[in-house]
Amino acid sequence: MDRIGAIFDRPPRYLPGAGAPGQLAVGATEDALFGQELMTPKDGTEWNNRVAARSLLSFSWRRPVRRAAAIRCPLLLVVAEHDTMAPVAPALRVAERAPRAELYRSRGGHYDVYAGGEDHDNVLRVEVEFLDRHARLPEQRHRP
């Protein structure tokens, strides 16, 4: 209904982004509630736990694993060992098929890569090392 409403310039219909198991929400897991806590600004900035329903339709036909072999740039995949929000198996297949993929299996769940999460410091280190290897200019690589 929300997608049809978009065609007629109607305002979005929203779903909660995070909810408890059994509730109607984009993510209805304990991990989602933890992520909501991490994402909610602590400085009083207004933040709404909602997602436009129309935005969810495009997820169903996006299959990165189909095109993984064609990815030619360096690719870092950070995949949580206990992810309850995003399927792990397809991400692992992308890591296997993309020629320049690097895989880091992070501890914890989907949101444990963020500040306040169980593996944030390690993920940050891995990301910086990845960028250092692949994004530095050639003349910078030889400097002490």
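Ser106 touches Val78, Val79, Ala80, Glu81, Val113, Asp119 and Val123, leaving aside residues up to four places away in sequence; a contact means heavy atoms within 4.5 Å. Ser106 belongs to strand 6 (residues 101-106). With a relative accessible area of 0%, Ser106 is buried. Buried means under 20% relative accessible area, exposed over 50%, and partly exposed in between, with a 1.4 Å probe and protein chains only.

The model is predicted: local features need pLDDT of at least 70, side-chain atom pairs count only at pLDDT 80 or more, and totals for chains, interfaces and linings use all residues. Residues are numbered from 1 along each chain as its sequence is written, and side-chain values use heavy atoms, with hydrogens and water left out.

The chain has six helices and six strands, in the order α-β-β-β-α-β-α-β-α-β-α-α from the N terminus. Helices (H or I, at least four residues) and strands (E, at least two) are DSSP runs, numbered from the N terminus. Of the 144 residues, 26% count as buried. The radius of gyration of the chain is 18 Å, whereas a compact globule of 144 residues would have one near 15 Å; this radius is taken over C-alpha atoms, and the globule rule is 2.2 Å times the number of residues to the power 0.38.

Helix 2 (residues 30-39) has the buried residues Asp31, Ala32 and Gly35. They lie on the same side of helix 2, because they cover an arc of only 95° around the axis; the arc is that of the directions from the helix axis to the C-beta atoms. The buried residues of helix 2 pack against strand 2 (18-19) and strand 3 (27-28). Exposed Glu30 and Glu37 are on the face turned away from the buried side of helix 2.

| Pocket | Volume | Residues nearest the centre |
|---|---|---|
| Largest | about 640 Å³ | Pro64, Ala86, Pro87, Pro90 and Ala91 |

On a 1 Å grid over the protein atoms alone, a pocket is an open set of points where a 1.4 Å probe fits, with protein on both sides within 12 Å along at least five of seven lines; lining residues have an atom within 4 Å of a point. Grid points are joined across faces, edges and corners, and a volume is the space filled by probe spheres set on the points.
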